Amino acid sequence: MKVFVTGVAGQLGHDVMNQLAKRGYEGVGSDIAPEYGGVQDGTAVTKMPYVQLDITDAAAVADTLDEVHPDVIVHCAAWTAVDAAEDEENRAKVHAINADGTKYIAEAAKKLDAKMVYLSTDYVFDGQGTEPRDPDSRDYKPLNVYGQTKLEGELAVSGTIDKYFICRIAWVFGLNGKNFIKTMLNVGKTHDTVRVVDDQVGTPTYTYDLARLLVDMIETDRYGYYHVTNEGGYISWYDFTCEIYRQAGMSTKVIPVTTEEYGLSKAARPFNSRLDKSKLVKNGFTPLPDWKDALHRFLVEIGEIRA
């Protein structure tokens, strides 16, 4: 099985390529830079073929994928800077990447009769209430530009091809790039106290674990919408920060605040990021491990603590 992966310089694309290598599959990575620009740690990403690709260029997408001719496309590339997406000068670019680029990938997948994985987000919903969202819910009400463009990407995929896995994820962290854990560790080392919101609730997603599940999926034909985060229950960003510092052995004091008290963000954030993941088990997939276990393994991976 040959798998084409977009966005390999990001957190998830990096781990997907490594997971493919572990299973003996042929992976071809792509990103917008002329050469691979992620961590150079001797992993499969740097050893497998790499192709420069601007997904907003329809002709380039069609030509590149026709030449590579993959059996599966795992589409990880996206604009993920949520606040920057709100800036007027960025909106056209965000739409071009998250909506148009995804449409071009889906059209190429259809031509090749390839399976496609599209990574989406809980931000396609309005984040109201306290109930977990069902993956097959179509009650879309994105609160910001990022969420709206990711929704348009979802609709482009589901409206173009039949052989798709649309996986909504939340609170993502991984080795290759910036994330909340790395930020809080850095802040905690330079501040005695930190203020963290306590009224936004969800569950983290470790890209290492997610990559394993995505490769499990593409080995099947159990297509459709899925929600994927680590197990372990629903928490707030405040709860997450407290556990980060506890496991890292840091004494930084964490002060819970409301989203309104915290301020700062340009983009509206969902209060309810609870995602119902029961469809995974119903379709025979193994859920991701507990988020506390994932956090521990990640802290070991980045050298913050010992195994």
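Figure 1. Helices (H or I, at least four residues) and strands (E, at least two) are DSSP runs, numbered from the N terminus. Two strands pair if DSSP finds at least two bridges between them. Strands β1 (residues 2-6) and β2 run parallel and are joined by 5 bridges. From β1 the chain passes through helix α1 (residues 11-22) to β2, a β-α-β crossover that is right-handed. A crossover is right-handed if, with the strands pointing away from the viewer, the path from the first strand over the helix to the second runs clockwise. Strand β2 (residues 26-31) is mostly covered, with 5 of its 6 residues buried. Buried means under 20% relative accessible area, exposed means over 50%, and partly exposed lies in between (1.4 Å probe, protein chains only). Strand β2 is also joined to strand β3 (residues 50-52) by 3 bridges, and these two run parallel. Asp31 stands opposite Gln52 in β3.

The model shown in all views is predicted: local features need pLDDT of at least 70, side-chain atom pairs count only at pLDDT 80 or more, and totals for chains, interfaces and linings use all residues. Residues are numbered from 1 along each chain as its sequence is written, and side-chain values use heavy atoms, with hydrogens and water left out.

**Figure 2. Tyr25 is found in the loop between α1 and β2.** Tyr25 has a relative accessible area of 21%, so this residue counts as partly exposed. Leaving out residues up to four places away in sequence, Tyr25 touches Met1, Leu20, Met48, Val215 and Glu219; contact means heavy atoms within 4.5 Å. Tyr25 and Val3 are 22 residues apart along the chain, and their C-alpha atoms are separated by 7.5 Å.

**Figure 3. Asp216 and Arg23 form a salt bridge.** A salt bridge is a side-chain nitrogen of Lys or Arg within 4 Å of a carboxyl oxygen of Asp or Glu. In this pair the closest N and O atoms are 2.8 Å apart. Asp216 counts as buried because its relative accessibility is 18%, whereas Arg23, at 26%, counts as partly exposed. A search of the whole structure finds 18 salt bridges.

**Figure 4. Glu154 and Arg168 meet in a salt bridge through their side chains.** The N to O distance is 2.7 Å. Glu154 lies in helix α5 and Arg168 in strand β6 (residues 164-169), so the pair ties together parts 14 residues apart in sequence. Both Glu154 and Arg168 are buried.

**Figure 5. Lys189 forms a salt bridge with Glu304.** The closest N and O atoms are 3.1 Å apart. This pair links distant parts of the chain, 115 residues apart: Lys189 is in the loop between α6 (180-188) and β8 (193-197), and Glu304 is in the segment after α11 (291-301). Glu304 counts as partly exposed because its relative accessibility is 24%. Elsewhere, salt bridges that share partners join Arg23, Arg212, Asp216 and Glu219 into one network.

**Figure 6. The largest nonpolar core has 35 residues.** A nonpolar core is a set of buried Ala, Val, Leu, Ile, Met, Phe, Trp, Tyr and Cys residues joined through side-chain atoms within 4.5 Å. The members that touch the most others are Phe4, Ile55, Val61, Leu65, Ile105, Met116 and Val157. At least two residues of this core come from each of α3 (58-68), α4 (91-112), β5, α5 and β6. Helix α4 supplies the largest share, 7 residues. Neighbours within four places in sequence aside, Leu65 is in contact with Phe4, Pro70, Ile73, Ile105, Ala108 and Leu112. Another core, of 29 residues, lies apart from this one and has Val3, Leu12, Phe165 and Cys167 among its members.

**Figure 7. The buried residues of helix α8 pack against several other elements.** The buried residues are Trp237, Phe240, Thr241, Glu243, Ile244, Tyr245, Gln247 and Ala248. They pack against β7 (172-173), α6, β8, β13 (235-236), β14 (253-257) and α11. After α8 comes Gly249, whose phi is positive, near 70 degrees.
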